[in-house]
Amino acid sequence: MVDAACCGPPGPCPPCQHPAARVHSRYWRYIAGLPAGGRQVIVRLRVRRSFCDQSQCRRRTYVEQVAGLTEPRLRASTAARSAMRAVAVELGGRPGHRLCAKLWIHGRRTALLGQLAAQPVPTRAPRILGMDEFAFCKGRTYGTVLVDVESSRPVDVLPDRETGTVAAWLQEHPGAEIICRDRLMAFTKAIRQAAPDALEVADRWHLLQNLSTADTTLCTATW
């Protein structure tokens, strides 16, 4: 347990950025940090709740935050949440919870899954855009996942795999020079409509699948 207290002038009111002139009250916050020496670390932080004296502001009181450590209504430090987010991305909920328990990181299953918030979609498409379908419910509902091939990071998820949806996204997010797609004809039509200058290529997995299908067909016909 690490005891700490905020010092110096309180920060400004978040909505109106007006500096505080009066302190409403003080209380303790318990912030889970990264482990140290094989033990879990809890920061017991003394914070101040201040008045906002601006009559036009809807916020009457607010609590000061420590940059790089706290955020409103969160019980884990910024560094701990970054570690939890990395674990959640790689392992998910229950496996991530088991790993956090061994690493002495405060990360329950629901807290880990809560870290998987959607990242903001860039205004322009990546130079090499990956495009593939996936199943929300196999055999019934399908969507489209868009990936930055160079960084191996997802860019956006579309609710379906229709030509109009994909074409509308490409028109709103120009900049793709190479589009790596699967064999779905709807993707080809969308690319021709919205990004005719982009080079279409097939990814390695679908090339191998095409080769395997052709070999199977040839061997079956020969046999």
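The model is a predicted one.

The largest pocket has a volume of about 580 Å³. Its lining is made up of 19 residues, and those nearest the centre are Ala117, Gln119, Arg153, Pro154 and Val155. Two elements, helix 1 (78–91) and strand 7 (153–158), each give two or more residues to this lining. Strand 7 provides the largest share, with five residues. Sorted by class, the lining of the largest pocket contains eleven nonpolar, four polar and four charged residues.

The second largest pocket holds about 480 Å³ of space. It is lined by 24 residues, with Arg29, Val63, Gln65, Pro72 and Arg73 closest to its centre. At least two lining residues come from each of strand 2 (23–32), strand 3 (42–51) and strand 4 (61–63). Of these, strand 2 supplies the largest share, namely four residues. The classes here are 14 nonpolar, three polar and seven charged residues.

Arg73 counts as exposed because its relative accessibility, 78%, is over 50%. Its backbone also calls for comment. Most residues other than glycine have a negative phi. Arg73, by contrast, has a positive phi, near 65°. Ser152 likewise has a positive phi, in its case near 60°, and is not a glycine. The loop that holds Ser152 runs between strand 6 and strand 7. With a relative accessibility of 61%, Ser152 is also exposed.

The next topic is the packing of helices. Helix 4 (residues 163–172) and helix 5 (residues 185–194) have axes that come within 8 Å and cross at roughly 35°. This crossing is right-handed. On the side of helix 4, the residues in contact are Thr163, Val166, Ala167, Leu170 and Gln171; they meet Ala186, Phe187, Lys189, Ala190, Ile191, Gln193 and Ala194 of helix 5. By class, the residues of this contact divide into eight nonpolar, three polar and one charged. An α-helix has 3.6 residues a turn, so residues three or four places apart point the same way. Such spacing can be followed in the contact list, for example in Val166 and Leu170 of helix 4 and in Ala186 and Ala190 of helix 5.

Two residues mark the loop between helix 4 and strand 8 (178–181). One of them is His173. Is His173 buried or exposed? His173 is buried, because its relative accessible area of 12% falls under 20%. Apart from its neighbours within four places in sequence, His173 is in contact with Val121, Pro122, Thr123, Arg124 and Ala125. His173 and Ala194 are 21 residues apart in sequence, and their C-alpha atoms lie 9.9 Å apart in space. Glu177 is also located in the loop between helix 4 and strand 8. Its relative accessible area is 44%, and Glu177 is therefore partly exposed. Beyond its neighbours within four places in sequence, Glu177 touches Pro126, Arg127, Ala198 and Leu199. Glu177 and Trp104 are separated by 73 residues in sequence and by 45 Å in space, C-alpha to C-alpha.

Which residues does Ile105 contact, leaving aside its neighbours within four places in sequence? They are Pro35, Ala83, Met84 and Cys100. Ile105 and Arg81 are 24 residues apart in sequence, and the C-alpha to C-alpha distance between them is 9.5 Å.

Notes:
Residues numbered from 1 in each chain as written. Predicted model: local features only at pLDDT ≥ 70, side-chain atom pairs only at ≥ 80, totals over all residues. Heavy atoms only, no water. 1 Å grid on protein atoms, 1.4 Å probe; cavity = no way out; pocket = protein on both sides within 12 Å on 5 of 7 lines; lining within 4 Å. Points joined across faces, edges and corners; volume = space filled by probe spheres on them. Nonpolar A, V, L, I, M, F, W, Y, C, P; charged D, E, K, R; others polar. Axes fitted to C-alpha atoms, helices over the stretch in contact; angles between N-to-C directions. Left-handed = near helix turned anticlockwise from the far one by under 90°. Contact = heavy atoms within 4.5 Å. Buried < 20%, exposed > 50% of the residue type's maximum accessible area, 1.4 Å probe, protein only.
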